[in-house]
Amino acid sequence: RLREAQKRVAGRDPARREWRAHARLQTAGLPVPRPLAWGEGRRGEAFVVTERLRGRPLADELAEANQAPLLRRRLVALCDTLKALHDAGLAHGDLHLGNRWWGPDGVWLLDVGHIRPIHHPKDHDRDRAQLELSLARSLPHARAVEMLRSLWGASSDLDAARIDFLRDYQRGRARRRVRVGCDWERVQVGRARGLRDHRFPQARLEDALESCSRTRRESRRDGRVVIHRLPARNGAPALVVKRVEAGRAGRALADRLRGSAAARAFRAGQRRRLVDEGCAPPLAYLDETRMGIPIRSWLVLESVGREDLDRHRPASAEHAAETGRALGHWLAGQHAAGLGHRDLKGSNLRITPEPDGTEATRLGEARPRFFLLDLEDLTGPAPIPIEARLTALSQLNASLPDEAFDDRARLAALEAYAARLPFDEPLERVARRIIEKSRARAHRWTGGTADSATGEARKRTSEP
């Protein structure tokens, strides 16, 4: 109450800011509802009255634009409105689809109380980055974001602004949401204790743990990691339960300080999901401790994708090349947004080879979808150096077997990646460095015909 009283005394209360912004934008000829009145009620509540607009929320209009040309026209109108605002020397400051309205004359601005003068060109890019995130989270397909980027063009400045905005957004949302009492609740099953997402009932958690004894198990890392896959049931999604033994005393002591593998994965995944939905949703974790030291932990995830990428076998060489291009484009988008993974291998990536519905196909998004696993290794949002990008590409390349993706598919992936996120050196040299790093890992890829791939990369680089 004291803070709001201070704002009123200083003339910076939300209602007065909203009124002034509406009047200023109306005078400048920008598309905002005509302001009619503002004031305070008897109890001190503030209000602003504006002209009522015909039309509907822009988010609804975009969600129902199920043809690519129609979606593009809507996005062009959105960009025109944003450009008019920026040309007037103003930044919106709170730009998301909820603050946009689709009317007979195009896109209108709403909730303009955070409008401020532009003092630096980065203010333009911050508005755009905020709008991109809203678009990505509001629509079930990625085509809209790609169209939007094509309209104003990709640039390193915009990528840097996107990383800065995602970092600030994640920090603010995490402070308010991902903590006990908001999105998280404490949970105990037997002697194990941990946290769960408040939308994941404890009864479902207990049932999932009990069902593990009746399902086939997958063992990894010499049996230290055991994975159970539970089918969907009664309308609830399929689940994955990952049990991790601490193992050596040194690792158990380290987990006492940094948290168990399940705890780290739960927290990192919950934070990542605030800004990106390209990872498996973590639902709960439990730790069993001895003298305060975690000796065993369980992580419960919502099942995503159809299969691990290193087990995916494309139907043909052309299909493999298409999958490679989609993978390169997706990974470049992750890195451009500052979102990384310290162990990016095929077994930590899930793939849905085909779009789930007809809407994506109509919008020209007939490409696979990818989801990250091993959430404790998620990083960002933060700028990713070129050397770290090359390491991630080599990790992925080395983990995919020869029989799954030939040299053509791997080169297609690298070209798609570089088209979205260029390197500072020729593609042929980049390919050679990735090959050297991949061979050093001595994983599933033998690299027997890699020289032909670098020769093809050299040839394509030299072509006009």
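Q: Where does proline 381 sit?
A: Proline 381 is in the loop between strand β19 (378-379) and helix α13 (386-399). Helices (H or I, at least four residues) and strands (E, at least two) are DSSP runs numbered from the N terminus.

Q: Is the peptide bond from glycine 380 to proline 381 cis or trans?
A: That bond is cis, with omega near 5°. Most peptide bonds are trans.

Q: What kind of model is this?
A: This is a predicted model, with residues numbered from 1 along each chain as its sequence is written. Local features need pLDDT of at least 70, side-chain atom pairs count only at pLDDT 80 or more, totals for chains, interfaces and linings use all residues, and side-chain values use heavy atoms, without hydrogens or water.

Q: How many helices and strands in the protein?
A: The protein has 16 helices and 19 strands.

Q: What share of the residues is buried?
A: 49% of the 464 residues are buried. Buried means under 20% relative accessible area, exposed over 50%, partly exposed in between (1.4 Å probe, protein chains only).

Q: New topic. Which residue in the loop between β6 and β7 is aspartate? Give me the one with a positive phi.
A: Aspartate 111, in the loop between β6 (106-109) and β7 (116-117). Its phi is near 50°. Aspartate 111 is partly exposed, at 33% relative accessible area.

Q: And methionine 291, buried or exposed?
A: Methionine 291 is exposed, at 82% relative accessible area. Methionine 291 lies in the loop between β13 (282-290) and β14 (293-302). Phi is positive for methionine 291 too, at about 55°.

Q: On to helix packing. At what angle do α4 and α6 cross?
A: Helix α4 (residues 68-87) and helix α6 (residues 143-152) cross at roughly 50°, and their axes come within 10 Å. Axes are lines fitted to C-alpha atoms over the stretch in contact, with angles from 0 to 180 degrees between N-to-C directions.

Q: What does that make α4 and α6 to each other?
A: Oblique. Under 35 degrees is roughly parallel, over 145 roughly antiparallel, 65 to 115 roughly perpendicular, the rest oblique.

Q: Which residues in α4 meet α6?
A: Among them are Leu71, Leu75, Val76 and Cys79 in α4. On the α6 side, the residues include Met147, Leu151 and Trp152. Contact means heavy atoms within 4.5 Å.

Q: How far apart are the axes of α5 and α6?
A: 9 Å, with helix α5 (residues 122-138) and α6 packed at about 160°. So α5 is roughly antiparallel to α6. Arg128, Leu131 and Glu132 are among the α5 residues in the contact, and α6 brings residues including Leu148 and Arg149.
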